[in-house]
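Colleague: Hi! I'm new to this one, could you walk me through it?
Modeller: Happy to, let's open it up.

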Amino acid sequence: MSLRFAPLVPTARAAALLAIAAPVALVIGAARPEAWIAAPLVGLAVFVLVFCDALLAGRLERFRVTVPGDVEVGAEAVIAVEAALRGGRASRIEVALGCDPRLAEGGRGQFPLRRDGEEWRGNLPFRPSRRGTGKVSRTWLRWTGPLGLGARQLAGDLDEEVRVWPNVAAVRSPALQVFLKDAQFGVLARRIRGEGTQFESLAEYEPGMDRRRIDWKSSARHVHLYAKEYEVERNNQIVFAFDCGQSMCEPVDGVPRLDRAVSAALATGYVALKGGDRVALFGFAAHPEVSTPFIAASRDFHRLQRAAAGLEYRSEEPNFTLALATLAARLQRRSLIVVFSEFADPTSAQLMIESIGRLVSRHLVLFVAIADEELEGISSAAPDDMEALSMAVSADLLLRQRALVLRELRQMGVEVIEAPYAAIGTRLIDAYLAIKRSGAIG
């Protein structure tokens with residue numbers, strides 16, 4: 001990091017003092033014309049105080065900015081700053097950082113440092129709003145003298161980068177880890193083994209079991225009722241298809257819909273890999289952009305996360321016809337296709353419906369949409385004036401159109417999930433497990 005020295009500067013307190021002293025000096029000069037020299041002397045005295053106070057602030061001995069190399073989108077992180085002064089008594093130190101807007105709103109963060117023994121330390125909390133590489137490019141350091149009238153200032157260039165990755169906090173959560181452990185070794189494993197499609201073994205019939213699973217031949221041979229147990233099929237193909245178009249780039253609680261979808265997909269993909277299925281990602285906008293091979297082992301999960309990081313934000317309408325036709329041509333066997341998308345008008349929605357309809361005959365399709373809580377809030381708001389009433393009517397019309405599109409998808413045989421962003425991941429995992437238990441993919 002290279003620092004450049006800036007001239008000594010007055011503070012806001014010095015400007016206020018000068019603003020107060022100037023009228024007093026003018027009044028003295030007006031009352032006693034022979035004392036006109038008081039005005040410039042007062043101004044000079046203030047400038048001398050500013051200069052001396054800035055010198056008493058001391059010299060910078062050490063300055064360090066620690067930037068995290070990797071952060072997940074939407075997760076809080078901090079940039080740490082340390083400074084040490086020599087030969088002075090600074091009363092306050094402030095730091096400003098210039099960075100990529102995806103790291104801090106407006107591309108700038110400002111914060112004070114606190115004294116910690118002989119050093120000064122401080123942190124700038126930030127929450128990345130988008131994936132990609134964000135740079136911290138410039139820093140300003142300003143420390144004030146003991147009177148608070150003068151300050152010294154340094155400006156310098158930084159060459160630090162923050163890589164913003166998809167958020168996989170749900171994968172690391174203790175709740176999901178406990179769930180996966182139970183799914184593999186506990187009660188849930190026995191449930192799945194009893195509800196699948198691949199024959200596993202015979203077990204004594206117990207009240208509550210499905211009578212259709214009774215093996216009458218074996219029961220007659222052993223003079224005892226036996227029922228067939230099945231194991232859920234493994235090695236199913238799961239494809240997460242992401243619409244990277246304009247509507248999916250709109251923020252939901254500060255994070256784009258696309259990133260909310262990616263987080264839910266990666267959590268579900270991790271569960272699928274642990275369950276023995278194969279997972280791939282597919283991203284598209286005006287044309288297909290990301291297409292990964294199928295990943296079959298949970299140890300390769302990082303490859304899915306890296307591929308998801310390459311999904312770009314596009315300010316264009318998606319071409320569902322081209323994208324889903326390309327995806328269908330790539331798949332050689334029946335698969336579960338999870339489509340994450342959003343639609344803004346009936347025309348684009350109709351094109352989407354037609355493209356998804358071509359997949360339903362051969363594949364199992366699951367459509368995921370994040371509920372528009374802002375639109376729902378406008379629709380349900382009290383109409384206090386004509387403007388609010390007009391907005392509520394328009395919002396209600398859009399919600400009705402949205403409901404019609406989702407209903408049409410369901411009538412085609414597409415399973416639809418619509419929920420607030422905080423619940424999308426859980427709902428998607430539940431839907432995947434229900435489909436897996438039913439054996440509908442194979």
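**A loop residue to start with**

Modeller: Leu225 is partly exposed, with a relative accessibility of 35%. Keep in mind as we go that this is a predicted model.

Colleague: Thanks! Where is Leu225 found?

Modeller: Leu225 sits in the loop between α6 (216-222) and β11 (226-231).

Colleague: And how far apart are Leu225 and Ile214?

Modeller: In sequence they are 11 residues apart, and in space 7.1 Å, C-alpha to C-alpha.

Colleague: How does the lining of the largest pocket split by class?

Modeller: There are 15 nonpolar, 6 polar and 3 charged residues in the lining of the largest pocket.

Colleague: You mentioned α7. Is that helix mostly buried or exposed?

Modeller: Buried: 17 of the 18 residues of α7 are buried, so the helix is largely enclosed by the rest of the structure.

Colleague: What length does α7 reach from its first C-alpha to its last?

Modeller: α7 reaches 26 Å, which is close to the 26 Å expected at 1.5 Å a residue. Just after α7 comes Gly276, with a positive phi of about 90°.

Colleague: Which residues line the largest cavity?

Modeller: The lining is made of Met248, Ala261, Phe340, Ser341, Glu342, Val368, Ala369 and Ile370. By class, that lining has 6 nonpolar, 1 polar and 1 charged. Strand β18 (residues 364-370) gives the most to it, with 3 residues.

Colleague: And which residues line the second largest cavity?

Modeller: Ile79, Cys99, Leu103, Ala104, Leu124, Phe126 and Val136 line the second largest cavity. Here the lining has 7 nonpolar residues, with no polar and no charged ones.

Colleague: Which residue stands opposite Ile79?

Modeller: Leu124 in β7 stands opposite Ile79, and both residues are among those that line the second largest cavity. The strands involved are β4 (residues 77-86) and β7 (residues 119-126), which pair in the antiparallel sense over 8 bridges.

Colleague: What else does β7 pair with?

Modeller: β7 also pairs with β6 (residues 108-116), again in the antiparallel sense, over 3 bridges. On that side, Arg114 stands opposite Arg121, and Arg115 stands opposite Trp120.

Colleague: How many residues lie between β6 and β7?

Modeller: There are 2 residues between them, and the two strands form a hairpin. In the turn, Gly117 has a positive phi of about 70°.

Colleague: How many bridges join β5 to β6?

Modeller: 6 bridges join strand β5 (residues 92-99) to β6, and the two run antiparallel. Within that pairing, Glu94 stands opposite Pro112 in β6.

Colleague: Last topic, cysteines. How many disulfides does the structure hold?

Modeller: The structure holds 0 disulfides. Take Cys244: the nearest cysteine sulfur, that of Cys249, is 7.2 Å away, whereas a disulfide needs the sulfur atoms within 2.5 Å.

Colleague: Is Cys244 buried or exposed?

Modeller: Cys244 counts as buried, because its relative accessibility is 1%. Cys52, on the other hand, is partly exposed, with a relative accessible area of 36%.

Methods:
Residues are numbered from 1 along each chain as its sequence is written. This is a predicted model: local features need pLDDT of at least 70, side-chain atom pairs count only at pLDDT 80 or more; totals for chains, interfaces and linings use all residues. Side-chain values use heavy atoms; hydrogens and water are left out. On a 1 Å grid over the protein atoms alone, a cavity is a set of points where a 1.4 Å probe fits but cannot get out, and a pocket is an open set with protein on both sides within 12 Å along at least five of seven lines; lining residues have an atom within 4 Å of a point. Helices (H or I, at least four residues) and strands (E, at least two) are DSSP runs, numbered from the N terminus. Ala, Val, Leu, Ile, Met, Phe, Trp, Tyr, Cys and Pro count as nonpolar, Asp, Glu, Lys and Arg as charged, and the others, Gly among them, as polar. Two strands pair if DSSP finds at least two bridges between them. Buried means under 20% relative accessible area, exposed over 50%, partly exposed in between (1.4 Å probe, protein chains only). The expected span of a helix is 1.5 Å times one less than its number of residues.
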